[in-house]
Amino acid sequence: MKAGFSLVRKKGYEAVNARSVANAAGCSVQPIYSCYANMEQLMEELFDHCRGYQLDYVRSHLDETNYFGSSGRAHISFAQEERELFKFIFLSKYVKGTAVEDIYVQYGLQEVTDSIEATLGLSKDKAKRLYLDMMIYTHGIAAMVAAGGMSLSFENIHENVDRAYNAFLTQAKENER
């Protein structure tokens, strides 16, 4: 797992195969296939491992006074700092879902939803919707950053994120009435 994680981080998930993991681990491919039934199983466990790393990253960057805003900033920062991991966790075939709401289920943090509900006075459903809308918006920016094509300033990113937040919040409050 450690060798696979290192490979994804440095070279991207496309570089992970039995031989590359074995080389990184300093062994033959035999131990890999004795631990995993096939490469798909290894990749799924590696995805879960990388997702755990990303969750730890985001939680370590949360500001208790602003869970909501800091979670979006952490997502974009992760894309800047860990481009290859970001691509694997968010832009690969290992992401599961059949509806937009599955994004919330797979990537939402309950403490952020609870904070939105408490601080903004929204119902649980409206808090989830606002969070999902902002997740999708910030993810779009993060994906552009991770792809390496955009080199956006902190100020430019947050000016746009704030504008989107205010629009989504206005809509959520109007629908709440």
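# Helices, aromatic pairs and burial

Student: Does serine 71 count as buried or exposed?
Tutor: In this predicted model, serine 71 has a relative accessibility of 9%. The limit for a buried residue is under 20%, so the class of serine 71 is buried.

Student: Which backbone oxygen does the side chain of serine 71 reach?
Tutor: Serine 71 is part of helix α5. Setting aside residues up to four places away in sequence, serine 71 touches Leu62, Val112 and Tyr131. At 2.8 Å, its side chain reaches the backbone oxygen of phenylalanine 68.

Student: How many helices and how many strands are there in the protein chain?
Tutor: Along the sequence, the pattern of the protein chain reads α-α-α-α-α-α-α-α-α-α. The count is ten helices and zero strands.

Student: What share of the residues in the protein chain is buried?
Tutor: The C-alpha atoms fill a box of roughly 60 × 30 × 30 Å along the principal axes. The accessible surface is about 9700 Å², with 51% of it belonging to carbon and sulfur atoms. Of the 177 residues in the protein chain, the buried share is 40%.

Student: Among contacts between residues at least 6 apart in sequence, what percentage joins residues at least 24 apart?
Tutor: A contact here requires heavy atoms within 4.5 Å. For contacts in the protein chain between residues at least 6 apart in sequence, the part that joins residues at least 24 apart is 65%.

Student: Is the aromatic pair of tyrosine 53 and phenylalanine 78 stacked, edge-to-face or tilted?
Tutor: The structure holds 13 aromatic pairs. In the pair of tyrosine 53 and phenylalanine 78, the centres are 6.4 Å apart and the planes make an angle of 55°. Planes under 30 degrees apart count as stacked and those over 60 as edge-to-face, so this pair is tilted.

Student: How many residues apart are tyrosine 53 and phenylalanine 78?
Tutor: The pair links distant parts of the chain. Tyrosine 53 belongs to helix α4 (residues 39–60) and phenylalanine 78 to helix α5 (residues 67–81). The two residues are 25 residues apart.

Student: Which relative accessibility makes phenylalanine 78 count as buried?
Tutor: Tyrosine 53 has 27% relative accessibility and counts as partly exposed. Phenylalanine 78 counts as buried because its relative accessibility is 0%.

Student: Why is the pair of phenylalanine 68 and tyrosine 131 edge-to-face?
Tutor: The ring centres of phenylalanine 68 and tyrosine 131 are 6.2 Å apart. Planes over 60 degrees apart count as edge-to-face. The pair is edge-to-face because its planes are at 85°.

Student: How many residues in sequence separate the parts tied together by phenylalanine 68 and tyrosine 131?
Tutor: Phenylalanine 68 lies in helix α5, and tyrosine 131 lies in helix α9 (residues 124–146). Both phenylalanine 68 and tyrosine 131 are buried. The pair therefore ties together parts whose separation in sequence is 63 residues.

Student: Is tyrosine 104 buried or exposed?
Tutor: Tyrosine 104 lies in helix α7 (residues 101–107). Apart from residues up to four places away in sequence, tyrosine 104 touches Gln110, Thr113, Lys128, Tyr131, Leu132 and Met135. Its relative accessible area is 14%. A value under 20% means buried, so tyrosine 104 is buried.

Student: Which residue caps the N-terminal end of α2?
Tutor: In helix α2 (residues 18–25), the residues Ala18, Ser20, Val21 and Ala22 are buried. The buried residues of α2 pack against α1 (2–11), α3 (30–35) and α4. At the N-terminal end of α2, a side-chain oxygen lies 3.0 Å from the backbone nitrogen of arginine 19, and the capping residue that holds this oxygen is asparagine 17.

Student: Which helices are included in what covers the buried residues of α6?
Tutor: Helix α6 covers residues 83–90, and its buried residues include Leu85, Phe86, Phe88, Ile89 and Phe90. What covers the buried residues of α6 includes α1, α4, α5, α7 and α9.

Student: How far apart in space are proline 31 and phenylalanine 47, C-alpha to C-alpha?
Tutor: Proline 31 is in helix α3 and is partly exposed, with a relative accessible area of 35%. In sequence, proline 31 and phenylalanine 47 are 16 residues apart. In space, C-alpha to C-alpha, the distance between them is 19 Å.

Definitions and conventions. Residues are numbered from 1 along each chain as its sequence is written. This is a predicted model: local features need pLDDT of at least 70, side-chain atom pairs count only at pLDDT 80 or more; totals for chains, interfaces and linings use all residues. Side-chain values use heavy atoms; hydrogens and water are left out. Rings of Phe, Tyr and Trp (its six-membered ring) pair if their centres lie within 6.5 Å; planes under 30 degrees apart count as stacked, over 60 as edge-to-face and the rest as tilted. Helices (H or I, at least four residues) and strands (E, at least two) are DSSP runs, numbered from the N terminus. Buried means under 20% relative accessible area, exposed over 50%, partly exposed in between (1.4 Å probe, protein chains only). A polar contact is a pair of N or O atoms within 3.5 Å; within protein, one must be able to donate a hydrogen and the other to accept it, and residues adjacent in sequence count only if both atoms are side-chain atoms. Accessible areas come from the Shrake-Rupley method with a 1.4 Å probe; for residues, only the protein chains shown count as cover.
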